[in-house]
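Keep the viewer at hand as you read.

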Amino acid sequence: MRAILILQHEDLQGPDFLQQCLGDEGLETVVIRPDQGDRIPVDVREFAGIAALGSDHSVHDPLSWIAAERALLKQALQHAVPVLAHCFGAQQLALAAGAQVGRNAWPNVGWSRVWVTPEGRRLFCGAQELQVFNWHYDTFEIPRGARRLLFGTHCLNKAFSLGPHLGFQCHLEVSEAGLRRWCEAGRAEVEGLRGPAVQRWGDMLRDLPARTLQLQRMARAVYHQWAWQLQGPPQRRVPAGC
């Protein structure tokens with residue numbers, strides 16, 4: 001089977017738990033760093049799927065690798081190569097699908113509660129709400145033809161599905177160790193932010209093992225269902241870890 005291409009853009013926002021889950025599904029992954037000059041493939045059909053991660057950049061930054069990556073995601077939409085996108089990656093996917101991306105009303109940083117729409121409950125093991133980790137300043141509109149899966153109090157559009165593609169305006173891919181490193185490195189940034197959706201730095205790290213474990217239980221179910229469609233008809237997909 002062809003490999004999954006993972007698009008990573010920051011040292012502190014790696015594939016972590018996502019790569020572990022895909023490996024558990026028996027899937028090979030290839031990680032590239034477009035932000036560091038790695039060549040972006042010309043033909044998306046070289047891969048079984050694409051996973052796009054977060055970035056400190058805005059999707060509107062005039063950088064050649066951002067435009068080239070978005071062109072690859074447009075190809076994925078055209079050829080039904082499933083995309084699994086997180087934060088910046090989900091904004092790239094939304095833009096590729098013709099939706100708008102702009103500034104959220106305020107920064108959304110830290111753990112927060114989000115609600116699962118009826119369309120999203122199968123994906124999330126029937127849960128009606130979740131605790132997710134966020135670190136973003138921009139937000140996407142829901143692309144035409146897509147379905148909202150998650151919504152929040154301070155950011156309406158937290159996730160969408162568009163055919164085989166999933167976009168999350170939050171981070172499901174994090175490990176406990178990776179999240180701790182990220183929070184430690186971003187302490188000054190967090191302490192300089194204000195707004196109703198900014199969590200205090202100390203609160204971000206409180207109960208981190210338990211919070212991460214709960215998030216990963218849901219993430220594994222999502223990643224299993226996304227990966228399963230690469231290997232068989234959609235009707236064969238079943239939740240995992242619920």
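## Helix α1 against helix α7

Contact here means that heavy atoms lie within 4.5 Å of each other. With that in mind, and remembering that this is a predicted model, let's begin with helix α1, which spans residues 16–24. In α1, the residues Phe 17, Leu 18, Gln 20, Cys 21, Leu 22 and Asp 24 meet a set from α7: Gln 216, Ala 219, Arg 220, Tyr 223, Trp 226 and Ala 227. Sorted by class, the contact of α1 with α7 divides into eight nonpolar, two polar and two charged residues.

How are the two helices set against each other? The axes of α1 and α7 are 10 Å apart, and the helices pack at an angle of about 50°. α1 and α7 are therefore oblique to each other. The crossing in which α1 passes α7 is right-handed.

## Helix α4 against helix α7

Helix α7 (residues 208–228) also packs with helix α4 (residues 176–185); their axes come within 10 Å and cross at roughly 120°. Angles over 145 degrees count as roughly antiparallel and 65 to 115 as roughly perpendicular, with this one falling among the rest, so α4 and α7 are oblique to each other. The crossing of α4 and α7 is right-handed.

On the α4 side, the contact is made by Glu 176, Leu 179 and Arg 180, while α7 brings Leu 208, Pro 209, Thr 212 and Gln 216. Three nonpolar, two polar and two charged residues make up the contact of α4 with α7.

## Helix α2 against helix α3

Now for another pair. Helix α2 covers residues 64–79 and helix α3 covers residues 88–96, and their axes come within 9 Å, crossing at roughly 65°. The crossing of α2 and α3 is right-handed.

Which residues of α2 and α3 meet? From α2 come Trp 65, Ile 66, Glu 69, Arg 70, Leu 73, Lys 74 and Leu 77, and from α3 come Phe 88, Gly 89, Gln 92, Leu 93, Leu 95 and Ala 96. By class, the contact of α2 with α3 has eight nonpolar, two polar and three charged residues.

## The largest pocket

The largest pocket has a volume of about 340 Å³. It is lined by 20 residues, and those closest to its centre are Ser 55, Asp 56, His 57, Trp 135 and Tyr 137. The lining of the largest pocket divides into seven nonpolar, seven polar and six charged residues.

Which elements supply at least two residues each of this lining? They are α3, β6 (129–140) and α4. The largest share, four residues, comes from β6.

## The cavity

The structure also holds one cavity of 30 Å³ or more. The space in the largest cavity is about 30 Å³. Its lining consists of Leu 12, Gln 13, Gly 14, Asp 16, Glu 173, Val 174, Gly 178 and Trp 182. By class, the lining of the largest cavity has three nonpolar, three polar and two charged residues.

Terms used
Residues numbered from 1 in each chain as written. Predicted model: local features only at pLDDT ≥ 70, side-chain atom pairs only at ≥ 80, totals over all residues. Heavy atoms only, no water. Axes fitted to C-alpha atoms, helices over the stretch in contact; angles between N-to-C directions. Left-handed = near helix turned anticlockwise from the far one by under 90°. Nonpolar A, V, L, I, M, F, W, Y, C, P; charged D, E, K, R; others polar. 1 Å grid on protein atoms, 1.4 Å probe; cavity = no way out; pocket = protein on both sides within 12 Å on 5 of 7 lines; lining within 4 Å. Points joined across faces, edges and corners; volume = space filled by probe spheres on them. Parallel < 35°, antiparallel > 145°, perpendicular 65-115°, else oblique.
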